[in-house]
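Colleague: I'd like a close look at one part of this protein. Could you walk me through it once it's on the screen?

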Amino acid sequence: MGAHIRCRVSRPVLFLAVLAMGAAGCSGAGHGPSSSAALPSTLAGDSAPTTMDAWTARRERMVDSQIESRGVADPLVLEAMRSVPRHLFVPADLVSDAYGDFPLPIGYGQTISQPYVVALMSEALHLQPGGRVLEVGTGSGYQAAVLAEMGMEVYSIEIIPELAAGAAANLAAAGYPSVVSRAADGYWGWEEHAPFQAIIVTAAPDHVPEPLVAQLAPGGRMVIPIGPVGAVQTLWAFSKDAAGELVGENLGPVRFVPFTRTEG
Ligand code: SAH
């Protein structure tokens with residue numbers, strides 16, 4: 001215990017912008033089992049590019065039209081979003097949609113978040129390269145890759161073992177072998193690697209898990225959607241002060257998949 005949470009609503013412009021767009025983090029039900037990383041041309045729909053340059057062009061367009069235009073300005077985030085091959089983190093039959101302005105199913109009822117939400121959450125962590133970040137909810141591994149591309153030391157936990165294995169394969173194939181991941185209930189954090197400069201939670205619990213608060217370094221940031229299962233939640237960015245108190249900033253309404261538990 002010990003940490004107090006004081007919440008204040010701020011950044012009304014951003015709040016409204018997110019509301020207007022109906023930001024989707026990790027929402028919607030997936031269909032079918034997860035596929036592993038996809039190659040650009042084969043198995044893809046008609047509109048999938050066949051060269052790396054074409055994928056790069058899609059990423060440029062994604063950043064310009066979906067991310068920078070909505071106010072994400074951190075150069076580290078923008079550069080990472082321009083670099084990470086998102087199409088290697090979506091199922092093979094969906095590669096032509098990899099850079100679309102929406103979440104995509106990755107199997108097991110889970111989703112890879114909308115690119116804008118990945119960028120928004122990454123920026124809200126206020127990262128300094130070289131720091132240690134914990135992600136709860138590895139999913140496809142895409143968010144972890146973005147954080148690694150930003151120069152962070154990334155630890156990521158996924159509760160569904162099949163997704164954890166798929167994410168590890170995606171991260172290796174995309175060139176991010178440094179990301180350390182495991183299959184476990186992320187409610188408990190990852191004590192042996194704490195403290196973390198930042199913690200990002202990409203599934204929505206109904207409260208802030210106390211172990212994550214304890215494992216956040218003083219001065220650190222935690223970005224987490226909180227709210228009822230299957231409904232609209234609130235995206236919070238918390239800062240931890242030297243006294244261990246969390247101060248929260250409301251980043252607006254979002255819709256994430258539920259934070260699940262392996263035990264009571
Ligand atoms: N960050 C992911 C998005 C994942 S969707 C990406 O970039 O693709 C959220 C993920 O959180 C799902 O894969 C879900 O299985 C996982 N999850 C839900 N509850 C969890 C928990 N208690 N611990 C770890 N992972 C959890």
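Colleague: Which residues does V146 touch, not counting residues up to four places away in sequence?

Modeller: A word on the source before that: this is a predicted model, where local features need pLDDT of at least 70, side-chain atom pairs count only at pLDDT 80 or more, and totals for chains, interfaces and linings use all residues. Residues are numbered from 1 along each chain as its sequence is written.

Now to your residue. Leaving out residues up to four places away in sequence, V146 touches A80, M81, V84, V118 and S122; touching here means that the C-beta atoms, placed from the backbone, lie within 7 Å. Two of those names, A80 and M81, turn up again in helix α3 (residues 75–83), whose buried residues are V77, A80 and M81. Looking down the axis of α3, you'd find its buried residues within an arc of 100°, so they line one face of the helix. That arc is taken from the directions from the helix axis to the C-beta atoms. As background, an α-helix has 3.6 residues a turn, so residues three or four places apart point the same way.

"Buried" has a cut-off, by the way: 20 or more other C-beta atoms within 10 Å of the residue's own, with 12 or fewer counting as exposed and anything in between as partly exposed; the C-beta atoms are placed from the backbone. By that count, buried residues make up 48% of the 264 residues in the protein.

V146 also belongs to the largest nonpolar core, which has 76 residues; A145, V146 and I199 touch the most other members. Helix α4 (residues 115–124) gives this core its largest share, seven residues. A nonpolar core here is a set of buried Ala, Val, Leu, Ile, Met, Phe, Trp, Tyr and Cys residues joined through C-beta atoms within 7 Å.

To set that in the whole fold, the protein has seven helices and 11 strands. These are DSSP runs numbered from the N terminus, with helices being H or I of at least four residues and strands E of at least two. Strand β8 (residues 196–201) runs parallel to β9, joined by four bridges, while six bridges join β9 to the antiparallel β10 (residues 233–240). Strands pair when DSSP finds at least two bridges between them.

Terms used:
Two residues are in contact if their C-beta atoms, placed from the backbone, lie within 7 Å.
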